[in-house]
Amino acid sequence: MPDTRLLSADAPGLKRAAALLRAGRLVAMPTETVYGLAGDATNDRAVAGIFSAKGRPRFNPLIVHLADPGQVAAFAHLSPVAQRLAAAFWPGPLTLVLPLRPQAGLSPLVTAELPSVAIRLPAHPVARALLAAFDGPVAAPSANPSGRISPVTAAHVLAGLDGRIDAVIDGGPCAVGLESTIVDATRDTPRLLRAGGLSVEEIEAALGAPLAERAEGAITAPGQLASHYAPRGRVRLDVAHPEPGEVWVGYGPCPGAALSLSPGGDLTEAAARLFHALHEADAMAGESGRIAFAPVPETGLGRAINDRLRRAAAPR
Ligand code: TXA
Ligand code: MG
């Protein structure tokens, strides 16, 4: 078990982090969505280390992170519609699933041997600086133990993975606070695989056409397991009147709530606060505690917020 170092987000910290990646080690990095657990995507040992540090099932593929749009063609084929999405939203909180190029040179563990690869260009300056210094493809799932709440601070990363990874770069809290939106761009009509930090409305406006819906019941993104983002206690949703003893997390006016996603009912603020609130409510409620969330509207980022809340509340 390595000692996990806390690196600062400055030139010496980034230099150290890039050297660790080149040596096949694992470094958690801030992105604008959530912290990612980064490893060299061409190195089987590094990628296997990511799966084992997280306790992640091997059938669940990883997202490949790149610094520069010019690097994408070496790994994946971009159709005209994929190019449109890339031009509109990269760098940013959008992941595109694309046909994998033969001879891309990625570890087969990254794609779980699928014929496609998920690619993202993060916008966070620290992630971009690390990717540019490393100068190669970086596999990075969210930096949390599999099935638990995603980390939006370096402290969250350490709470879940201390002693299991080599370093974490402290870049402060993540601005978006929800994982990237994943779109399958392997066919003519792009399909939503995971709601996330870029709203469906914005994507459809850029395309000038609707996204195809996720086929009900089909396993399109193998990581989309029902129970995920799990606090230790029980979670109830759409609660306007909490029961005694419940930690109530409000949205909009909720007098007496212990915490709030956004007192003024702002979805962007609620997205940025969601995983903080889940971590805090988990700490307040404890093992046998109960957490209740006020209703959140199912529009814009509310769609991704409700998706994460439903997984947090799923039976396990
Ligand atoms: O915002 C994010 O996307 C963060 C930051 C660190 O970039 N990363 C992240 O990774 O959320 P992770 O591993 O927690 O979620 C990746 C999702 C999984 O649900 C996985 O199944 C899906 O992407 N995925 C990866 N490759 C895929 C592929 N070829 N086809 C379909 N789904 C894929
Ligand atoms: Mg994750």
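This is a predicted model: local features need pLDDT of at least 70, side-chain atom pairs count only at pLDDT 80 or more; totals for chains, interfaces and linings use all residues.

Reader: Why is His156 called buried?

Author: The cut-off for buried is under 20% relative accessible area. His156 has 15%, so it counts as buried. The residue belongs to helix α5, residues 154-161.

Reader: Which residues does His156 touch, beyond those up to four places away in sequence?

Author: They are Pro151, Phe275, His276 and His279. A contact here means heavy atoms within 4.5 Å.

Reader: Why is Arg303 called partly exposed?

Author: Partly exposed lies between the two limits, under 20% for buried and over 50% for exposed. Arg303 has a relative accessible area of 25%, so it falls in between. Arg303 is part of helix α8, residues 302-313.

Reader: What does Arg303 contact, leaving aside neighbours within four places in sequence?

Author: Its contacts are Leu192, Ala195, Val200, Glu213, Pro297, Glu298 and Arg310. Gly196 is 107 residues away from Arg303 along the chain, yet their C-alpha atoms are separated by 8.0 Å.

Reader: What makes Asp135 exposed?

Author: Exposed needs over 50%. Asp135 has 58%, so it passes. Asp135 sits in the loop between α4 (125-134) and β7 (138-139).

Reader: How do you know that Asp238 counts as exposed?

Author: The test is again over 50%. Asp238 has 57% relative accessibility, so the label holds. The loop between β11 (234-236) and β12 contains Asp238.

Reader: What is the phi of Asp135, and what is the phi of Asp238?

Author: Phi of Asp135 is near 60°. Phi of Asp238 is about 55°. Both values are positive, and neither residue is a glycine. Most residues other than glycine have a negative phi.

Reader: Which two residues does a cis peptide bond join?

Author: Trp90 and Pro91, with omega about -5°. Most peptide bonds are trans. Pro91 lies in the loop between α3 (80-89) and β5.

Reader: Why is strand β12 called largely enclosed?

Author: Five of the five residues in β12 (residues 246-250) are buried, so the rest of the structure largely encloses the strand. Both faces are covered. On one side are Glu246, Trp248 and Gly250; on the other are Val247 and Val249. In a regular strand the side chains alternate between the two faces of the sheet.

Reader: What makes β12 and β14 a pair?

Author: A pair needs at least two bridges. Four bridges join β12 to β14 (residues 290-293), and the two run parallel. Trp248 has Ala292 as its bridge partner in β14.

Reader: How many bridges link β12 and β13?

Author: Two, in the parallel sense, with β13 covering residues 259-260. At least two are needed, so this pair qualifies. Leu259 in β13 is the bridge partner of Val249.

Reader: In what order do the ten strands of the open sheet run?

Author: The order is β1-β8-β2-β3-β7-β4-β6-β5-β9-β10, with mixed pairing.

Reader: Why are β1 and β10 said to stand at the edges?

Author: β1 (5-8) and β10 each have a single partner strand, so one side of each lacks a neighbour in the sheet. β1 pairs with β8 (residues 167-170) in the parallel sense, over four bridges. Leu6 has Val168 as its bridge partner there.

Reader: What joins β2 to β8?

Author: Two bridges join β2 (residues 27-29) to β8, and these strands run parallel. Val27 stands opposite Ala167.

Reader: How do you know that Ser180 makes a polar contact with ligand 1?

Author: The limit is within 3.5 Å for a pair of N or O atoms. A polar side-chain atom of Ser180 lies 2.5 Å from an oxygen atom of ligand 1, so the pair qualifies. Ser142 has such a pair at 3.1 Å, and Arg194 has one at 3.0 Å. Alone, ligand 1 exposes 680 Å², and the protein buries 97% of that.

Reader: What makes up the shell around ligand 1?

Author: By class, the shell has 14 nonpolar, ten polar and four charged residues. Strand β6 gives the most, with four residues. Among the 28 residues, Thr33, Arg56, Asn60, His65 and Ser180 come nearest.

Technical notes:
Residues are numbered from 1 along each chain as its sequence is written. Chains are lettered from A and ligands numbered from 1 in the order in which they are written. Side-chain values use heavy atoms; hydrogens and water are left out. Buried means under 20% relative accessible area, exposed over 50%, partly exposed in between (1.4 Å probe, protein chains only). A residue is near a molecule or strand if one of its heavy atoms lies within 4 Å of it. A polar contact is a pair of N or O atoms within 3.5 Å; within protein, one must be able to donate a hydrogen and the other to accept it, and residues adjacent in sequence count only if both atoms are side-chain atoms. Accessible areas come from the Shrake-Rupley method with a 1.4 Å probe; for residues, only the protein chains shown count as cover. Ala, Val, Leu, Ile, Met, Phe, Trp, Tyr, Cys and Pro count as nonpolar, Asp, Glu, Lys and Arg as charged, and the others, Gly among them, as polar.
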